[in-house]
Amino acid sequence: MEIFNAYAENRKFLFEKNLDDFLTQEQYIFSMSKSFASEIIEKYEPIEEVKQAGQMSFEGFSRFLCSSECLLFSKEFNNVYQDMHHPLSDYFISSSHNTYLISNQLLGPSDIWGYESALVKGCRCLEIDCWDGSQNEPVVYHGYTLTSKLLFKTVIQAIHKYAFITSDYPVVLSLENHCSPPQQEVIADILQSILGDSLLSDILDDFLDKLPSPEALKFKILVRNKKIGTLLETHSRKGLDKHDSSEKETESKTSAGLPFFRKKKVRKVKVALALSDLVIYTKAEKFRSFSYSREYQQFFESNSIDESTARKLSKLKAHDFILHTTKFLTRIYPKALRADSSNFNPQEFWNIGCQMVALNFQTPGLPMDLQNGKFLDNGRSGYILKPRFLRDTETEFNPQKTPEYSKPVTLTIKVISGIQLPPSIHSSSNKADTLVIIEIFGVPNDQVKQQTHVVKKNAFSPRWNETFTFIIQVPELALVRFVVESQNTIAENEFLGQYTLPLLCMGKGYRRVPLFSKSGEDLEPASLFVYVWHIR
């Protein structure tokens, strides 16, 4: 009501000019058309006589502030707006670990829903553990555990159905392949027969010696697996029958000529030629060292590194790690000790440019909140262009240090009130002692949290009216997380809801912050009402 009264000349109605003033002075909307205010009145004003007079009542103004137009996530980022013509290695790619599992890593069920739900969330890199099955039918499960099994062909059918529902951009199938050569051939047949033209099975003319872009690979599915020989040799075998033909990877080490033709010595593994030749730009290659990669790794080879090894490398050789990720796709996955399917904080690996930071999508909590929040950006396409300082092959960026060329953002957030917050499960009167925590995730020097005071016994309409200011040195990597809790003086506070988004996707002015449950469900109409401004 205070905001309305400040702009309504007679404290009863807003005229178009009053609404124009509000939109420019408070919402920072400067590029609007002359008719924008009238469009808002037409859309949100419920009283016909007021609408016809070109005015807006308090009810209409409230409806506008609670609409999608005033969500904290600025609507301009709801569409793909970034340049999608860079090589794949220039993007953060939404990635999942052991996608088939929907519970823990040892006893839980394997389920097609894991793939379907991940793809609907915009995931673009899925993991498939393949093992020999009975009757020459490869199966998918977590080997040497009691997790249940899925037929490989059923998994691929589900992926084919859901691959491009949320995003047009390429899907990478990361195969952890334990199959014998005969069943690898079955895998190859299944991939080709079910995926058809959507399967990338040959090099693209314009990308003979460099990674293609997401744009060039639209509606394509790529296979990530071990591979025999070079891309040129694969291309030369196009159309030939490759069944009953498996070879050992016994490539010799040399660094002569283009990267396209380079070969190197690797450990001997039996790979069916039929499957190997379906691996084009995403060959899985064991990581040895950064110096080895600089000398011998080819542009189409990618590495998977477990979180513990990656964490050590990021602390000891952060700059080398970043230079590595400017050239090669790098996938980080949870350590084996995470039998409960828990997740690590993905931010530390985004900070060094790792493209595929693979999480257990079935496990709610902070890491998945960050994952979901980050990939709201760029139209939920699953691909986010990395900042220039993580793409530049001569970059000097180090997340442990404030870069000299940094353009800090001063972010100020006024937490005004809450709207129909979820009640505490511990309160017999369905009330809660509510507080709001604002957390910044990014490079180490930017990570901080602040919180409001506690409003006692009010989850329906608590008012805080507290203002917080943050100075963020590397805004391109920063995520902002709002957490609503109910205070518990005996045990830890009770989680009521959260919302996470990239700092640079935040709108300015009066904004509504939607809230989501721990499992990611929308808690509409529960939300926060805030005022935001940021200066760069």
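Modeller: Let us begin with phenylalanine 219, which lies in the loop between helix 8 (181-195) and strand 9 (221-224). Please keep in mind that this is a predicted model.

Colleague: Why is phenylalanine 219 called partly exposed?

Modeller: The relative accessible area of phenylalanine 219 is 41%. Buried requires a value under 20% and exposed a value over 50%, with partly exposed in between, so phenylalanine 219 is partly exposed. Its phi is near 60 degrees, a positive value in a residue other than glycine.

Colleague: What is the place of lysine 218, and what does it touch?

Modeller: Lysine 218 is placed in the loop between helix 8 and strand 9. Not counting residues up to four places away in sequence, lysine 218 touches Asp168, Tyr169 and Pro170. The C-alpha atoms of lysine 218 and serine 167 are separated by 9.0 Å, although these residues are 51 apart along the chain.

Colleague: What makes lysine 218 count as partly exposed?

Modeller: Lysine 218 has 29% relative accessibility. The class runs between the limits of 20% and 50%, and therefore lysine 218 counts as partly exposed.

Colleague: Which phi value does asparagine 136 have, and where is this residue found?

Modeller: Asparagine 136 has a positive phi of about 60 degrees although it is not a glycine. It is found in the loop between strand 5 (125-131) and strand 6 (139-140). With a relative accessible area of 43%, asparagine 136 is partly exposed.

Colleague: How do you know whether threonine 434 is buried or exposed?

Modeller: Threonine 434 has 0% relative accessibility. Buried means under 20%, so threonine 434 counts as buried. The residue is found in strand 18 (residues 434-441). Leaving aside neighbours within four places in sequence, its contacts include Leu421, His453, Val454, Trp464 and Leu496.

Colleague: Where is asparagine 493 found, and why is it called partly exposed?

Modeller: Asparagine 493 is found in the loop between strand 21 (479-486) and strand 22 (494-502). Its relative accessible area is 27%, and the class covers values between 20% and 50%, so asparagine 493 is partly exposed. Apart from neighbours within four places in sequence, asparagine 493 is in contact with Leu435, Glu485, Ser486, Gln487 and Asn488. The C-alpha atoms of asparagine 493 and leucine 421 are separated by 15 Å, the two residues being 72 apart along the chain.

Colleague: Which residues of helix 2 are buried, and how do you know where on the helix they lie?

Modeller: In helix 2 (residues 16-25), the buried residues are Asn18, Leu19, Phe22 and Leu23. Seen down the axis, these buried residues fall within an arc of 135 degrees, so they line one face of helix 2. An α-helix has 3.6 residues a turn, so residues three or four places apart point the same way. The cover over the buried residues of helix 2 includes helix 1 (2-7), helix 3 (36-44) and strand 23 (509-516).

Colleague: What puts the buried residues of helix 3 on the same side?

Modeller: The buried residues of helix 3 are Phe36, Ala37, Ile40, Ile41 and Tyr44. They cover an arc of only 145 degrees around the axis, which puts them on the same side of helix 3. On the other side of helix 3, Glu42 and Lys43 are exposed. What covers the buried residues of helix 3 includes helix 2, helix 4 (48-52), strand 2 and helix 5.

Colleague: What is the omega of the peptide bond from glutamate 524 to proline 525?

Modeller: Omega is near 10 degrees, and the bond is cis. Proline 525 has its place in strand 24 (residues 522-535).

Colleague: How many helices and strands does the chain have, and what makes it as compact as a globular protein of its length?

Modeller: The chain has 16 helices and 24 strands. Its radius of gyration is 26 Å, close to the 24 Å that the globule rule gives for 536 residues, so the chain is as compact as a globular protein of that length. Along its principal axes, the C-alpha trace spans about 85 × 50 × 50 Å. Of the 536 residues, 57% count as buried.

Note on methods
Residues are numbered from 1 along each chain as its sequence is written. This is a predicted model: local features need pLDDT of at least 70, side-chain atom pairs count only at pLDDT 80 or more; totals for chains, interfaces and linings use all residues. Side-chain values use heavy atoms; hydrogens and water are left out. Helices (H or I, at least four residues) and strands (E, at least two) are DSSP runs, numbered from the N terminus. The radius of gyration is taken over C-alpha atoms; the globule rule is 2.2 Å times the number of residues to the power 0.38. Buried means under 20% relative accessible area, exposed over 50%, partly exposed in between (1.4 Å probe, protein chains only). The arc is that of the directions from the helix axis to the C-beta atoms. Contact means heavy atoms within 4.5 Å.
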